[in-house]
Amino acid sequence: MNKAINETVTSDFDITKVRSDFPALDQEIYGHKLVYLDNGASTQKPRQVIDKVKQYYERDNSNVHRGIHTLSQRATDQFEAARVTVQKFINAPSDSEIIFTSGTTESINLVAHSYVRAFLKAGDEVIISAMEHHSNIVPWQLLEQQIGIKLVIAPINHNGDFLFEEFKALIGEKTKFVAITQLSNALGTITPVKEIIQAAHAVGAKVLIDGAQAIAHTHVDVQALDCDFYAFSGHKIFSPTGVGVLYGKRALLDSMPPYKGGGEMIKVVSFSGTTFNEVPHKFEAGTPNIAGVIGMAAGLDYVSELGISKIANYEHDLLEYGTQKLLTIEGLKIIGDAEHKASILSFQIDGVHASDLGTLLDHQGIAIRVGHHCAMPVMEFFGVEATARASLAFYNTKEDIDALVSAITKAVEMLK
Ligand code: 7TS
């Protein structure tokens, strides 16, 4: 990272107007203005998303794909229009390649079940990185136990960089699948996903990208990446909880067996044999999170309107500013200083327990996350049990960072 302190973090959008779109930001916690720096866990929602969900429940609430009546048609139209919004947002070739799930975790489990469990056999290798979130580790470990695949871990270094050459050395004829985060939630590392995908494809392996963190911070183009699967959650991109996306290449999705059985995913059900619906419906058994899906389309529209590259530039400057300011605190060490980094500031302070720090910051109105961030192997690698993590969004400001630094300084004085 460029180490010069950028005192003038400027946005190409109207930050005051942007902040006023997010009602939750405008409140006090213990008598202090809320400074929300836990965007890696979940983002706040703009009024446009909240209004959309409210409008749906007040006017259009009904089930999708099964009603002849007006409300059901309205709900279905909005639900399917949301699929096209997602398709365009990630530049997928077809809206039939967009499957609505409950979030990244379910998207990854769908692929684990319907692709890896269905097509890999004992001894086949699945590569993940050493900095995955538990939801991109445990599904593969379950398959290790259940069908005997071998999980191979691509290493990182102590800056948190993904080691591409070491990764390439792990790839071989046994490699059948690669599942990698695009942005580490614990370290902020941006991984070279395009190169990873090319290297995996060279041996015929398929690739899933965990975009849970990346989706709100970088431009995602699944065709340019040429990934086979891409997973993300609505709630990390200013949209409702309980909804997410799995993108998959159509030919793969067509070849895969369903993940869950139930209504909507079938063509004909009979006791002499059942046939399945076309994708994406084949993977969407049961009544979906209709309000969540419609709200997510509004969230993606909001981000598109601001412009993801403007967001990325602004957050990059803010991250550099935050890095420099935090490093002025005595005894503070940043965990994760990768060359390519976004949105996450994980740190530790000598002699200070992260959870004590988190509590004292909360009492000053500052929301951060402390703990292992569901990435325990990363903590083990760095020899720490927990870090404090400030994670940024485009509505954060230099003043938020200043408030964080001053609150940490006060907290450290109290704790030492
Ligand atoms: N993958 C990554 C990289 C994540 O950061 C998360 C959530 C997930 C997968 C799972 O997403 P979910 O929406 O299905 O739960 N990460 C975090 C976090 O960093 N703090 O809280 C949740």
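A nonpolar core is taken here as a set of buried Ala, Val, Leu, Ile, Met, Phe, Trp, Tyr and Cys residues joined through side-chain atoms within 4.5 Å, where buried means under 20% relative accessible area, exposed over 50% and partly exposed in between (1.4 Å probe, protein chains only). The model is a predicted one, so to speak of local features takes a pLDDT of at least 70 and side-chain atom pairs count only at pLDDT 80 or more, while totals for chains, interfaces and linings use all residues. Residues are numbered from 1 along each chain as its sequence is written, and side-chain values use heavy atoms, with hydrogens and water left out.

Start with the largest nonpolar core, which holds 110 residues; I90, F167, Y230, L326, F394 and I408 touch the most other members. Helix α10 (residues 290-306) gives this core its largest share, 10 residues; helices here are DSSP runs of H or I with at least four residues, strands are runs of E with at least two, and both are numbered from the N terminus. At least three residues of the core come from each of domain 1 (3-45 + 307-415) and domain 2 (50-304). Another core lies apart from it, with 26 residues that include A112, F177, A179 and L252. In soluble globular proteins, nonpolar side chains tend to be buried together.

Contact means heavy atoms within 4.5 Å, and leaving aside neighbours within four places in sequence, F394 is in contact with F13, I15, V18, F22, F238, Y302, L306, I311, Y314 and E315.

As for the overall layout, the protein chain is divided into domain 1 and domain 2, with bounds that come from an automatic or database domain assignment. Their C-alpha centres lie 28 Å apart, and the contact takes 41 residues from domain 1 and 37 residues from domain 2.

Then there is the ligand. Around it sit 16 residues, of which T105, D210, S233, R369 and R389 come nearest; a residue counts as near if one of its heavy atoms lies within 4 Å. Polar contacts are pairs of N or O atoms within 3.5 Å; within protein, one must be able to donate a hydrogen and the other to accept it, and residues adjacent in sequence count only if both atoms are side-chain atoms. A polar side-chain atom of R369 lies 2.5 Å from a nitrogen atom of the ligand, and one of S233 lies 2.7 Å from a ligand oxygen. T104 has a backbone N or O atom 3.5 Å from an oxygen atom of the ligand. The protein covers 87% of the 490 Å² of accessible area that the ligand has on its own, with areas from the Shrake-Rupley method and a 1.4 Å probe; for residues, only the protein chains shown count as cover.

S114 is found in helix α4 (residues 104-119) and is buried, with a relative accessible area of 0%. Its side chain reaches the backbone oxygen of P257 at 2.8 Å. Beyond four places in sequence, S114 is in contact with F119, M256, P257, P258, Y259 and F283.

V279 and P280 are joined by a cis peptide bond, with omega about 5°, and P280 lies in the loop between β12 (275-276) and α10. N91, not a glycine, has a positive phi near 55° and is partly exposed at 33%. S343 also has a positive phi, about 60°, without being a glycine, but S343 is buried at 2%.
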